[in-house]
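Here are a few exercises to work through with the model open beside you. Try each task yourself before reading its solution.

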Amino acid sequence: MKLNLDRIMILDGAIGTEIYKRGLDPTAIPEELNLTNPEIVKDVHASYVDAGADIITTNTFGGNRIKLQSKGLEKKLYEINKKGAEIAKEASQGKALVAGSIGPLGRMIEPLGELSFEEAVEIFKEQGRALLDGGADLFLVETAIDIMEVKAAILGLREISEKTPIICSLTFTEGSSTVTGTSPSTGAVTLNSWKVDILGANCGNDPFVFPEIIGEMAEYTETPIIAYPNAGPPDRWDEVPPERFLELAIDIYKRGANILGGCCGTTPLHIRFLSRELKGRKPAKRQKRIGIFFTSRSKLLTCDGSRTIIIGERINPTSRKKLANELKEGKLETLKKDAIEQEIAGADLIDLNVGVADVNRRELMKKATIELLKILNAPISFDSDDPEVIEAGLRFYPGKALLNSTTAKKESLRRTLPIARKYGASIIGLTITEEGIPETITERLKAAYRIIEEASSYGIPKEEVIIDPLTLPAGSANPSITLEVIRRLSQDGIRTVLGISNISHGLPSRAIINASFLSMAINAGLSFAIINPLRNELMGAILASDFLIGRDKRGERFISFFSLTKEEPKTKEQELTLKDLVIRGEAERASREAERLIRERIQPFSLIEDHVIPALEEVGDRYEKKIFFLPQLIASAEAAQAVFEVVRKNSPKAEKKKGRILMATVEGDLHDLGKKIVGLVLESFGYEIIDLGKDVPADRVLKETIRFKPDIVGLSCLMTTMLENMKKTVRLLKENLPEVRVMLGGAAVNANFARRCGADAFSRDPFQAVELAKRWIDNEKGKRIHDLQGNAHARGIPRRGNGA
């Protein structure tokens, strides 16, 4: 049996729910069965092989060190995963491939969590190695909610096997993005750049959004696509019968999927229907969009020639004494301020250069990258003359980045291109050879094509190479050479980039010269401009030029930028209020501003009422509108907490909390990321949080509720198979403490379920939890609210895949 994507292949259905049907204790973890009762697991696999599955997945979804540790099984990690692959191999009887299932770790990687990226890489390697030893034919990284975790998995798995195919499957909540803000198109571009063999989607809340998800992915990649939705939403995962599931799968197939199967709630009969109708068909034709793409965790930047792309140049310590001094001291305040201001001003990519002397630039680049990931949406251009410094940033970057820069020198290409290939970055190539900067048009073109050819030999296509024909001072060189090189390369379909300011070096009226040269370069075909976007004359030159040469056909961008109603970007520190700083997630500056205001005799607590709460409400509004995503939400909450610390220090009375909320993830569920985020936001709003952790038995929740006397008990559940435990916990609380309000949350839960099991409310996200707390504790104490609003679709953290 071989992986053959010239025809439609069929994946199996749910493993977890099928195992539970065979009597697994709801509080146990399915992976343990590989050792204690392998015949049950083998029976599930065999049923899918018999149904016609070409690929079956191992019962190892939660077989990583972190999850096994919570059940005291970490010492059996190798045994559990190896045996899982062996069972599947035996059940396949050579009729199906065995995919080693690798689920989320259950902890977030920094800066969203405390788990280090390198530790995550090692954890994935442990599991992958055991699966390979058990005979897995390929890896299936599934139900991924954070693209950074996927990167750790890919790097770890590639380190133990270059040849074993890797499938990566993301989970999109409500179809629009993952929990951490990655859309289907952004995910497709990113995973494509990281050279996974197959990418796609599984699990989630509404299976009927899958055609749209797969269609969006198919527009941005030529990589084969996998799709395996649930047989229903979280609390009704068995409601889509095989006939209806087949109709859904046919729709998904038409949108471009190459492998189809089922997630939570799907049965062998579902897979039999898919196999009979779709197996062996030729894949539907796909049409990929033209262009070069860059991504951050939550943003897709398309560069298709329809406008000039702006790279913000300010994070460069050359000639910037304050920035250089801060970087030498390991401080990043100016760096972060520059990044935010440039993005607000219109930069599409942010250039990141930490090139100061006498520091460990690799560590500094890593540190700067992690900090920028908290506050930026724009993709990053990593800039250094040392490839190791660039790699230090690229390794921790959760998207497709730009590598700035390499040259036409053999040594430069030899050191840089493997890094670009490894991390899937596009490159900027400077037309500098061993002899220096070529003086003639012909020589510079020759240098440009040398870069392109060498990149091609490393598997980096021509469209991923951006040539910088170099800007030299107008007083010492002929600018027309640079312009002509741009023109010739553009005619050959090659993208170009220029830093502009060097053209006016040593000359008066630099702004006029810079803007004029920039306009001429754009007219010659320039694709990217490295500029200071805070300079209106340069932004104006770009927008006007794009308008006049027909890139901005109706002048919409030009008019929008210069509209009288346009809000001028706030570029000066003194113009930013404490509220602005909390919204931006600038914790250090927010803390300092809070101190300053208190020194000016502003009442400490008014900082909370007048700045922090309004800021968090605006963050909530942006989160609701999907302008902000999880990283920005966490950064703002951290900034709010920094202000709280200042207030607490200056006003002991402020230590009094608004109310007490006890939180727990129900027994059997090992996922509590969503609950932690909710707790963080509630804490930012001034509530005391007591977190009992995950896998908490009902009787312990009751005991701790009696002990702490909270105003609210919040319960979370991510796994559909643990909903019964949630019901049990709610019932126990209400039987013994009917006066305590209970709110439920998590991807496996919705308003209907909360109502049915006797809870007081369902909270779909952190800000709805805040609203509930306000109503129950702040404003209407004593009044019971049975339901906040009827959003039937949970929007929290998705549950685990394969039905458990």
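Helices (H or I, at least four residues) and strands (E, at least two) are DSSP runs, numbered from the N terminus. This is a predicted model, in which local features need pLDDT of at least 70, side-chain atom pairs count only at pLDDT 80 or more, and totals for chains, interfaces and linings use all residues. Residues are numbered from 1 along each chain as its sequence is written, and side-chain values use heavy atoms, with hydrogens and water left out.

**Exercise 1.** Find the place of glutamate 18, and decide whether glutamate 18 is buried or exposed.

Solution. Begin with the location: glutamate 18 sits in helix H1 (residues 16-21). Next, recall the classes: buried means under 20% relative accessible area, exposed over 50%, and partly exposed in between (1.4 Å probe, protein chains only). Glutamate 18 has 5% relative accessibility, so it counts as buried. Finally, look for its contacts, meaning heavy atoms within 4.5 Å. Leaving out residues up to four places away in sequence, glutamate 18 touches Val44, Tyr48, Thr266, Thr267 and Pro268.

**Exercise 2.** Which strands are joined to S19 by bridges?

Solution. Two strands pair if DSSP finds at least two bridges between them. Start at strand S19 (residues 660-665), where five of the six residues are buried. Strand S20 (residues 688-691) runs parallel to S19 and is joined to it by four bridges; here methionine 663 stands opposite aspartate 691. Strand S21 (residues 712-716) is also parallel to S19, with five bridges, and alanine 664 is placed opposite leucine 715.

**Exercise 3.** Which residues of the largest nonpolar core touch the most other members?

Solution. A nonpolar core is a set of buried Ala, Val, Leu, Ile, Met, Phe, Trp, Tyr and Cys residues joined through side-chain atoms within 4.5 Å. The largest one has 161 residues, and those touching the most other members are Leu191, Leu260, Leu278, Leu335, Leu352, Leu715 and Leu744. Helix H7 (residues 147-160) gives the most to this core, namely eight residues. Apart from it lies another core of 52 residues, including Val179, Val612, Ala637 and Met743.

**Exercise 4.** How do the axes of helices H23 and H24 cross?

Solution. Axes are lines fitted to C-alpha atoms, for helices over the stretch in contact, and angles run from 0 to 180 degrees between N-to-C directions. For H23 (residues 587-599) and H24 (residues 604-624), the axes come within 9 Å and cross at roughly 125°. Angles under 35 degrees count as roughly parallel, over 145 as roughly antiparallel, 65 to 115 as roughly perpendicular and the rest as oblique. H23 and H24 are therefore oblique to each other. Ala594, Leu597 and Ile598 of H23 make the contact with Pro604, Leu607 and His611 of H24.

**Exercise 5.** Look at the backbone: where do glutamine 93 and lysine 709 lie, and which peptide bonds here are cis?

Solution. Most residues other than glycine have a negative phi, and most peptide bonds are trans. Glutamine 93, in the loop between helix H5 (77-92) and S3, has a positive phi near 50° and is exposed at 60% relative accessibility. Lysine 709 lies in the loop between helix H27 (698-708) and S21; its phi is positive too, near 50°, and its relative accessible area of 65% makes it exposed. Now the peptide bonds: the one from glutamate 110 to proline 111 is cis, with omega near 10°, and another cis bond joins asparagine 404 and serine 405, with omega about 20°. Serine 405 belongs to strand S14 (residues 402-407).
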